[in-house]
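Visitor: Hi, I've just opened this one and I'm new to it. Could you walk me through it?
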Amino acid sequence: MILLQVDELKTAPYDYRFPTTNQTRYCYTRYIEYHRCIRAKGKDAPECEKFARYYRSLCPSEWIERWNEQLENGTFPGPL
């Protein structure tokens, strides 16, 4: 018998700036906040991890992959 440990999944907390059910802007904002945090504090900064959890729970994986590619290519359209 193989037992797998599953971490508890949590979504991002409510943010008054994004009161509607469409969470597209919330997803994008959290992604940008994460990358600003790691640029300011370093990739291993524990305080940045919450932003990573938030955008990963809100954003479709296809968007994240595309944005990561754009970051690598220097073509990301966001204000980092």
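Predicted model: local features only at pLDDT ≥ 70, side-chain atom pairs only at ≥ 80, totals over all residues.

Visitor: Where is Pro79 found?

Guide: Pro79 sits in the segment after α3.

Visitor: And what does Pro79 touch, not counting residues up to four places away in sequence?

Guide: Tyr28, Ile32 and Arg36 are what Pro79 touches once those neighbours are set aside. Take Arg36: it is 43 residues from Pro79 in sequence, yet the two C-alpha atoms are 9.0 Å apart in space.

Visitor: Okay, let me step back. How many helices and strands are there in the protein?

Guide: You'll find 3 helices and 0 strands. Reading from the N terminus on, the elements go α-α-α.

Visitor: How much of the protein counts as buried?

Guide: Of its 80 residues, 31% count as buried.

Visitor: What about contacts between residues 24 or more positions apart?

Guide: They account for 56% of the contacts in the protein that have a separation of 6 or more.

Visitor: Let's pick a residue, then. Where is the place of Trp67?

Guide: Trp67 is in helix α3.

Visitor: Does Trp67 count as buried or exposed, and why?

Guide: Trp67 counts as buried because its relative accessibility is 9%, and the cut-off for buried is under 20%.

Visitor: What does Trp67 touch, leaving out residues up to four places away?

Guide: Its contacts are Cys27, Tyr28, Tyr31, Cys59 and Phe76. With Tyr28, the gap in sequence is 39 residues, while the C-alpha atoms of Trp67 and Tyr28 are 9.7 Å apart in space.

Visitor: Now His35. Which helix is it in?

Guide: His35 belongs to helix α1, which covers residues 24-41. His35 is buried, at a relative accessible area of 10%.

Visitor: Which residues is His35 in contact with, leaving aside its neighbours within four places?

Guide: Those would be Asn68, Leu71 and Leu80.

Visitor: Changing topic to charges. How many salt bridges does a search of the whole structure find?

Guide: The search turns up 3. As background, side chains of opposite charge can pair when their charged atoms come close.

Visitor: Which side chain does Glu33 meet in a salt bridge?

Guide: Glu33 meets Arg30, with 2.9 Å from N to O. Both residues lie in helix α1, 3 residues apart, which is about one turn of the helix.

Visitor: Are Glu33 and Arg30 buried or exposed?

Guide: Glu33 counts as buried at 18% relative accessibility. Arg30 counts as buried as well, at 9%.

Visitor: What does Lys41 form a salt bridge with?

Guide: Its partner is Glu47, and the closest N and O atoms are 3.6 Å apart. Lys41 counts as exposed, at 51% relative accessibility, whereas Glu47 is partly exposed, with a relative accessible area of 37%.

Visitor: And which side chain does Glu49 meet?

Guide: Glu49 and Arg56 meet in a salt bridge at 3.4 Å, N to O. Glu49 is partly exposed, with a relative accessible area of 35%, and Arg56 is partly exposed too, at 47%.

Visitor: Which residues gather in a patch of negative charge on the surface?

Guide: Glu62, Glu65, Glu69 and Glu72 form that negative patch.

Visitor: Where does Glu65 lie?

Guide: Glu65 is in helix α3, which covers residues 61-73. Trp67 has its place in helix α3 as well.

Visitor: Nice. Can you give me a quick recap of that helix?

Guide: Happy to. Helix α3 holds Trp67, a residue that counts as buried at 9% relative accessibility. Helix α3 also holds Glu65, one of the residues of the negative patch on the surface. Pro79, where we started, is in the segment after α3.

Key:
Residues numbered from 1 in each chain as written. Heavy atoms only, no water. Helix = DSSP H or I, 4+ residues; strand = E, 2+ residues; numbered from the N terminus. Buried < 20%, exposed > 50% of the residue type's maximum accessible area, 1.4 Å probe, protein only. Contact = heavy atoms within 4.5 Å. Patch = residues over 30% accessible without salt bridge, like charges linked within 9 Å, V, L, I, M, F, W, Y side chains within 5 Å. Areas by Shrake-Rupley, 256 points an atom, 1.4 Å probe, with all protein chains shown as cover. Salt bridge = Lys/Arg side-chain N within 4 Å of Asp/Glu carboxyl O. Lys, Arg positive; Asp, Glu negative; His and termini not counted. Charge placed at Lys NZ, Arg CZ, Asp CG, Glu CD.
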